[in-house]
Amino acid sequence: MKTRAPLPALLLGLAGLIPPAVLTAVAVLDLGLFAPSTPGFVRTYAAVILSFLGGTWWAFACREEKPSWWLLSLSVIPSLAGWWAIASFRPPEALFGLAVLLLAALAVDALMVRRRLAPPWWTGLRVPLSTGLALCCALSGWALVR
């Protein structure tokens, strides 16, 4: 059973971390390039990625002959949580909350693999990507409160 992510998926996924990583570096290093909207971009990006994850979980859940209510329900939570983080919280709290949500999402990713709905390499892809984006969120939140 292959547990390493295919190279195209890994490289494209890592490329997706470039925008939030650059913006986080700008916010943390305070090189005079910081704009108040910088953490907002990271927050929005993380919410979009959470929504994307929910969509993948929905697709995985639909692989079952009779998709279960609880897996389908679980798959809509990331979109709702991302929207809530953008609409309801101040930026630092939203960023810290999104970091926690991204890390918690790894449990659902692992569940999808255990149920054989996601490919065996899925968690090998999701761990570095979710951890990397969670770190960007946490550091961007920290940059706002320091």
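Ile77 is partly exposed in this predicted model, with a relative accessible area of 46%, and this residue belongs to helix H4. Ser75, which lies in helix H4 as well, counts as buried at a relative accessibility of 3%.

**Residues of helix H4**

- Between the C-alpha atoms of Ile77 and Leu10, which are 67 residues apart along the chain, the separation is 25 Å.
- The side chain of Ser75 reaches the backbone oxygen of Leu72 at 2.6 Å, and, when residues up to four places away in sequence are not counted, Ser75 touches Gly54, Trp57 and Trp58.

**Packing of helices H3 and H4**

- Helix H3, spanning residues 38-61, and helix H4, spanning residues 69-88, have axes that come within 8 Å and cross at roughly 170°; because angles over 145 degrees count as roughly antiparallel, H3 is roughly antiparallel to H4.
- Sorted by class, the contact of H3 with H4 comprises 12 nonpolar, 6 polar and 1 charged residues.

**Confidence of the prediction**

- Across the protein the average pLDDT is 92, and 94% of the residues score at least 70.
- Among the elements of the protein, helix H1 (residues 7-15) has the highest mean pLDDT, at 96, whereas helix H2 (residues 18-29) has the lowest, at 90.

Terms used: Residues numbered from 1 in each chain as written. Predicted model: local features only at pLDDT ≥ 70, side-chain atom pairs only at ≥ 80, totals over all residues. Heavy atoms only, no water. Axes fitted to C-alpha atoms, helices over the stretch in contact; angles between N-to-C directions. Helix = DSSP H or I, 4+ residues; strand = E, 2+ residues; numbered from the N terminus. Parallel < 35°, antiparallel > 145°, perpendicular 65-115°, else oblique. Nonpolar A, V, L, I, M, F, W, Y, C, P; charged D, E, K, R; others polar. pLDDT = per-residue confidence, 0-100. Buried < 20%, exposed > 50% of the residue type's maximum accessible area, 1.4 Å probe, protein only. Polar contact = N/O pair within 3.5 Å; in protein donor to acceptor, adjacent residues only side chain to side chain. Contact = heavy atoms within 4.5 Å.
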